[in-house]
Amino acid sequence: MREKHIRDADYPAWTKATFARARPALEMEPDLVSNPPRMGRPPLERPKQQISLRLDPDVISAYRSTGAGWQKLMRDALAKAAPKRRRRKAA
């Protein structure tokens with residue numbers, strides 16, 4: 001099946017004269033081209049790190065059986081069990 005071309009009055013087809021009047025984006029909007037807006041989320045101050053960890057199947061099953069959010073539950077348990085390290089003050 002052949003697609004029909006949609007015509008939009010706000011965006012008329014370009015003619016040879018239109019192309020002749022066209023200017024590079026850098027010439028028309030130098031700030032926008034030189035400093036494009038950043039997309040996405042801003043970087044996190046302390047991003048989480050991915051690691052590989054081998055656990056016993058019964059441990060994983062126990063956490064999974066708690067339902068949705070089991071990874072957060074496991075993370076919280078690890079954080080609670082982690083030894084607290086004190087920072088030494090610089091002299």
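Trainee: Let's begin with the overall fold. In what order do the elements of the protein chain run from the N terminus on?

Mentor: Good place to start. The secondary structure of this predicted model comes to five helices and zero strands. Read from the N terminus on, the order of the elements is therefore α-α-α-α-α.

Trainee: What percentage of the residues in the protein chain is buried?

Mentor: Keep the cut-off in mind here: a residue counts as buried under 20% relative accessible area. The accessible surface of the chain comes to about 10700 Å², and carbon and sulfur atoms hold 55% of that. Of the 91 residues in the chain, the buried share is 3%.

Trainee: Now to Leu53. Is leucine 53 buried or exposed?

Mentor: Leucine 53 sits in the loop between helix H3 (30-34) and helix H4 (57-64). It also belongs to a nonpolar surface patch of about 450 Å², together with Ile51, Leu55, Val59 and Leu78. Exposed means over 50% relative accessible area. Because its relative accessible area is 51%, leucine 53 is exposed.

Trainee: Which element gives the largest share of the lining of the largest pocket?

Mentor: The largest pocket has a volume of about 830 Å³. Of its 18 lining residues, Gln49, Ile51, Leu53, Arg75 and Leu78 are the closest to the centre. The largest share, six residues, comes from H5.

Trainee: Let's turn to charges. Which residue forms a salt bridge with glutamate 27?

Mentor: Side chains of opposite charge can pair when their charged atoms come close. A search of the whole structure finds three salt bridges. In the one made by glutamate 27, the closest N and O atoms are 3.8 Å apart, and the limit is 4 Å. Its partner, partly exposed at 47% relative accessibility, is arginine 23.

Trainee: Why are aspartate 76 and lysine 72 separated by about one helical turn?

Mentor: These two side chains meet in a salt bridge, at 3.0 Å from N to O. Aspartate 76 is partly exposed at 34% relative accessibility, and lysine 72 is partly exposed at 47%. They are about one helical turn apart because their spacing in helix H5 is four residues.

Methods
Residues are numbered from 1 along each chain as its sequence is written. This is a predicted model: local features need pLDDT of at least 70, side-chain atom pairs count only at pLDDT 80 or more; totals for chains, interfaces and linings use all residues. Side-chain values use heavy atoms; hydrogens and water are left out. Helices (H or I, at least four residues) and strands (E, at least two) are DSSP runs, numbered from the N terminus. Buried means under 20% relative accessible area, exposed over 50%, partly exposed in between (1.4 Å probe, protein chains only). Accessible areas come from the Shrake-Rupley method with a 1.4 Å probe; for residues, only the protein chains shown count as cover. Patches are made of residues with over 30% relative accessible area and no salt bridge: like charges are joined within 9 Å, nonpolar side chains (Val, Leu, Ile, Met, Phe, Trp, Tyr) within 5 Å. On a 1 Å grid over the protein atoms alone, a cavity is a set of points where a 1.4 Å probe fits but cannot get out, and a pocket is an open set with protein on both sides within 12 Å along at least five of seven lines; lining residues have an atom within 4 Å of a point. Grid points are joined across faces, edges and corners, and a volume is the space filled by probe spheres set on the points.
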